[in-house]
Amino acid sequence: MKKKFFYRLQLFAGDASIIDRSGAETLIPEEKSQEIIQGVVTQSAVLSKGRKLPNMASKTLRMPVLDMLPLAYFVNGDTGQKQTTKMAWSKKFITAEEIAVIVPIPEAVIDDSSYDIWGEVKPRITEAFGKVIDGAVLFDVEKPESWRDGIVTTATKAGKVVTLGNDLYDSIMGEGGVIAKVEESGYFVNGHMADISVRAKLRGLKDTTGQPLFKSDMQSGTSYTLDGSGIYFPNNGSFDQSKALMISGDFSQLVYAVRQDITFTLFTEGVIQNTDGSIAYNLMQQDMVALRAVMRMGWELPNPINSLQKDKAKRCPFAVLKSGSSAA
């Protein structure tokens, strides 16, 4: 059954008449639609750090992934026979699922031509889409049944989890740290995502002489990088510090594809319900309209075989740093 995601509110229009997409195009010009798409990519930690594939032509995209490496052999003597080898590929699939958000707007606001309606609507749409994408991909929050396990679950199953100890530096940079866990799988870390609370932990790191490791003085900004790779701190409310303090890995292995860019429908009648079933807004009675934004996308971790880690059960391009008080 096809699942739909709604941020906070759901729309049940019943038999009410609506203005279809052609009627909404005057309200949502093409350049504004593309601007919102770009804003979602910027707002979402997953979309900004992951690798975008070409747009999908159907609901499902099949990807061939290397699953068996070729072998080479020494030739025994001048007349020895050369041996053969083979390579093999497995199949992974990206399945596009629908993501949606509804923005209720009073008609009086629309009628007021001097009011910057898009200045209010765009941040809400980009925040809602970014939050639901990041929550599903990173932490399995309300993810569709067709989507694979999220990053944290995948890393946990592969044994790529480090519990924060007394030494934050060792937990990240040491031999058994998060970065080393990724390297054990044959990948190099090229980025990190972390809860905003990690900023204070990093600023508090000091060397043996008591000097801060991340901040040279009180005036200049702090450069949040680890072993040459930048740290991204999502601020859309999606990062769950009870499940992970930081996620490190090879983000070129996090791939996504878009089946449908953002489209808009403007509803002039109907009711908007809260998740508990109570009515939040009655569009007709309250002289409101509801703008619904919808897009379809999917994602995957190719995670191909490599020479360092041939066991796919132990191979993962990401590792997770968990809090000692909340780690399982």
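Trainee: Is Phe251 buried or exposed?
Mentor: In this predicted model, Phe251 has a relative accessibility of 3%, so Phe251 counts as buried.

Trainee: Which residue does Phe251 form an aromatic pair with, then?
Mentor: Phe251 pairs with Phe318 in an edge-to-face arrangement, with 5.0 Å from centre to centre and 75° between the planes. Because Phe251 lies in the loop between S11 and S12 while Phe318 belongs to strand S16, the pair ties together parts that are 67 residues apart in sequence.

Trainee: And Phe318, buried or exposed?
Mentor: Phe318 counts as buried, since its relative accessibility is 1%.

Trainee: What lies over the face of Phe251?
Mentor: That is Lys49, at 5.4 Å from the ring centre of Phe251. Elsewhere, the charged end of Arg199 sits over the ring of Phe233, 5.2 Å from the centre of that ring.

Trainee: How many aromatic pairs are there in the whole structure?
Mentor: A search of the whole structure gives three aromatic pairs.

Trainee: Switching to the core, how many residues are in the largest nonpolar one?
Mentor: The largest nonpolar core has 47 residues, and those with the most contacts inside it include Ile125, Phe129 and Ile151. Among the elements that each supply at least two residues of this core are helix H2, helix H5, strand S12 and strand S16, and the largest share, eleven residues, comes from H5.

Trainee: What is Ile125 in contact with, leaving aside its neighbours within four places in sequence?
Mentor: With those neighbours left aside, Ile125 is in contact with Ile36, Val101, Val103, Phe264 and Ala293. Apart from this core lies another one, of 22 residues, including Val178, Tyr187, Phe214 and Leu226.

Trainee: Now the sheet with S16 in it: what is the strand order?
Mentor: Six strands form an open sheet in the order S7-S16-S11-S8-S10-S9, and their pairing is mixed. Strands S7 and S9 stand at the edges with a single partner strand each, so one side of each is left without a neighbour in the sheet.

Trainee: In which sense do S7 and S16 pair?
Mentor: S7 and S16 pair in the parallel sense, over three bridges, and the bridge partner of Thr163 in S16 is Lys322.

Definitions and conventions
Residues are numbered from 1 along each chain as its sequence is written. This is a predicted model: local features need pLDDT of at least 70, side-chain atom pairs count only at pLDDT 80 or more; totals for chains, interfaces and linings use all residues. Side-chain values use heavy atoms; hydrogens and water are left out. A nonpolar core is a set of buried Ala, Val, Leu, Ile, Met, Phe, Trp, Tyr and Cys residues joined through side-chain atoms within 4.5 Å. Buried means under 20% relative accessible area, exposed over 50%, partly exposed in between (1.4 Å probe, protein chains only). Helices (H or I, at least four residues) and strands (E, at least two) are DSSP runs, numbered from the N terminus. Contact means heavy atoms within 4.5 Å. Rings of Phe, Tyr and Trp (its six-membered ring) pair if their centres lie within 6.5 Å; planes under 30 degrees apart count as stacked, over 60 as edge-to-face and the rest as tilted. A charge sits over a ring if NZ of Lys or CZ of Arg is within 6 Å of the ring centre and within 35 degrees of the ring normal. Two strands pair if DSSP finds at least two bridges between them.
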